[in-house]
Amino acid sequence: MKCLKHAALVLVLAAGGCVAPVGPVEVTRFHAADVAMLGKGTIAVEPAPGMDGASLEWRTYQAAVQQQLALLGYAAPQGTSAQVAELRLSRMTIEPSRGSGPVTVGVGGSTGSWGSGVGVGIGINLTPRSAQQVQTTMAVTIRERASKAALWEGRAVFTVRATSPMADTALAAPKLAAALFKDFPGQSGETIVVQ
């Protein structure tokens with residue numbers, strides 16, 4: 001009986017992992033020629049100019065970025081950090097569009113040796129409307145605090161259906177952060193797709 005309960009629990013957990021379809025994240029990164037300063041020392045994640053660092057959404061992404069930076073070897077600052085990671089977010093809803101209206105009308109006519117005629121045709125587009133999507137963009141610029149010189153910058157873009165669990169900030173933040181810092185610092189100027 002215990003084995004059946006454990007097997008049922010494993011199946012439920014495995015099925016739970018399939019609930020949130022994971023789409024690709026497009027990542028573009030650039031870095032200075034000298035990457036010796038990256039991945040060491042202290043760093044603080046701060047809002048990029050114009051960003052509201054007090055919002056719950058921003059703080060969720062901040063925590064995800066801070067976690068990835070710690071995995072890369074950065075330490076949390078005790079006071080002022082040597083480097084700063086400026087975090088910028090944007091989320092937008094993409095409305096589906098149809099190329100043409102749902103109903104089309106065509107008129108045709110002909111004349112010839114066998115007679116003439118006029119015909120009318122009506123076409124109805126039965127294609128279901130595409131679902132609304134949410135596109136999230138996260139951009140991070142790592143700067144040396146003293147000189148404000150940019151050492152590294154990257155952008156991760158992720159688009160999912162608005163009804164997908166991955167449209168939720170709590171699930172999207174760690175996915176975007178992990179994709180952005182995968183194989184850090186990455187090839188400068190290259191765009192990759194992370195599954």
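Student: What should I know about where the values come from?

Tutor: This is a predicted model, so local features need pLDDT of at least 70 and side-chain atom pairs count only at pLDDT 80 or more, while totals for chains, interfaces and linings use all residues. Residues are numbered from 1 along each chain as its sequence is written, and side-chain values use heavy atoms, with hydrogens and water left out.

Student: How many helices and strands does the chain have?

Tutor: There are 3 helices and 8 strands. Both are DSSP runs, numbered from the N terminus: helices are H or I with at least four residues, strands are E with at least two.

Student: What's the strand order in the sheet?

Tutor: β2-β3-β6-β7-β1-β8, an open sheet of 6 strands with mixed pairing. Two strands pair if DSSP finds at least two bridges between them. At the edges sit β2 (43-47) and β8 (191-194), each pairing on one side only. From one strand to the next, the twist averages 20 degrees.

Student: What packs on the sheet?

Tutor: Helix α3 (residues 169-180) does, touching β1 (25-31), β3, β6, β7 and β8. Its direction makes about 135 degrees with that of β7. For such angles, axes are lines fitted to C-alpha atoms, for helices over the stretch in contact, and the angles run from 0 to 180 degrees between N-to-C directions.

Student: Switching to E86. Where is it?

Tutor: In strand β3 (residues 83-94). β3 pairs with strand β6 (residues 133-144) in the antiparallel sense over 12 bridges, and E86 stands opposite T141 in β6.

Student: Which side chain does E86 have a polar contact with?

Tutor: R143, at 3.1 Å. A polar contact is a pair of N or O atoms within 3.5 Å; within protein, one must be able to donate a hydrogen and the other to accept it, and residues adjacent in sequence count only if both atoms are side-chain atoms. Leaving aside neighbours within four places in sequence, E86 also has contacts that include E46, A48 and P49.

Student: And what joins β6 to β7?

Tutor: 11 bridges, with strand β7 (residues 150-161) running antiparallel to β6. T136 stands opposite F158 in β7, and A139 has R155 as its bridge partner there. In the hairpin, which has 5 residues between the strands, K148 takes a positive phi near 65 degrees.

How values were computed. Contact means heavy atoms within 4.5 Å.
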